[in-house]
Amino acid sequence: MAAPAEPFQFTVVTPPGGWTVDHVFELPAEQLARGTVELVDGVIIVSPLARLEHQRLVGRLWGQLSSGASPRWEVLPGANLVLGNRNNRLLIPDLVVSNAPGLEGVSLTEKEAVLVAEIESPSTRLQDRIFKKALYAEAFIPYYLLVDPEQQSATVFRLVGGEYAPHAKSAAGVLTLVEPFEAEVDLRG
């Protein structure tokens, strides 16, 4: 008979003065490997790693967007994205289109992000539709791609006057992207 599995514990002690992006990057690798650790206004948000079907969709979207991107752009899955200059916001979008191809290091800033993409799941739907969308808009990232795999639909939002407005929607499971570059995203998998 197998011994019962030990429950997962994510134990951290808040540093004096609160959490910063630098503190998150200093967390032990074994803690970071078991989930997604993001930071919003000094508060850590821990989410489990995405389901396999979610990761497959990220891979397909990465390939489709990358094929349309010129050498001027780079499409990165799961990149650390530091927002603002207060060192207290770190998000990890499913995909980031960067205007700084070949950049080295552990993170990008909103200045290097032209488009961020989030793929909804039952546990992240509210965060992706409202919370993260608002944070990306506040950081002035020009485009936000929101994908609903259950509906095989996607919407590209464009920043207009500091808020996102719908810019392009998929039809019959296919999104035709025109900006920031041309690409076709097929959500039917």
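Student: Where is the kink in H4 centred, and what is its angle?

Tutor: In this predicted model, the kink in H4 is centred on Lys 132 and amounts to about 35°.

Student: How many residues does H4 have, and what distance does it reach from its first C-alpha to its last?

Tutor: Helix H4 covers residues 125–138, 14 residues in total, and spans 19 Å between its first and last C-alpha atoms. That value is close to the 20 Å expected at 1.5 Å a residue. Just after H4, Phe 140 adopts a positive phi of about 60°.

Student: Which element supplies the largest share of the lining of the largest pocket?

Tutor: Helix H3 does, with 7 residues. H4 is among the elements that each supply at least two, as are strands E1, E2 and E8. The pocket has a volume of about 920 Å³ and is lined by 41 residues, with Leu 49, Ala 50, His 54, Gln 55 and Asp 94 nearest its centre.

Student: Why does Gln 64 count as buried?

Tutor: The cut-off for buried is under 20% relative accessible area. Gln 64, found in helix H3, counts as buried because its relative accessibility is 19%. Beyond its neighbours within four places in sequence, Gln 64 contacts Ala 183, Glu 184, Val 185 and Asp 186.

Technical notes: Residues numbered from 1 in each chain as written. Predicted model: local features only at pLDDT ≥ 70, side-chain atom pairs only at ≥ 80, totals over all residues. Heavy atoms only, no water. Helix = DSSP H or I, 4+ residues; strand = E, 2+ residues; numbered from the N terminus. Expected span 1.5 Å × (residues − 1). Bend = angle between axes of the 7 residues up to and from the residue. 1 Å grid on protein atoms, 1.4 Å probe; cavity = no way out; pocket = protein on both sides within 12 Å on 5 of 7 lines; lining within 4 Å. Points joined across faces, edges and corners; volume = space filled by probe spheres on them. Buried < 20%, exposed > 50% of the residue type's maximum accessible area, 1.4 Å probe, protein only. Contact = heavy atoms within 4.5 Å.
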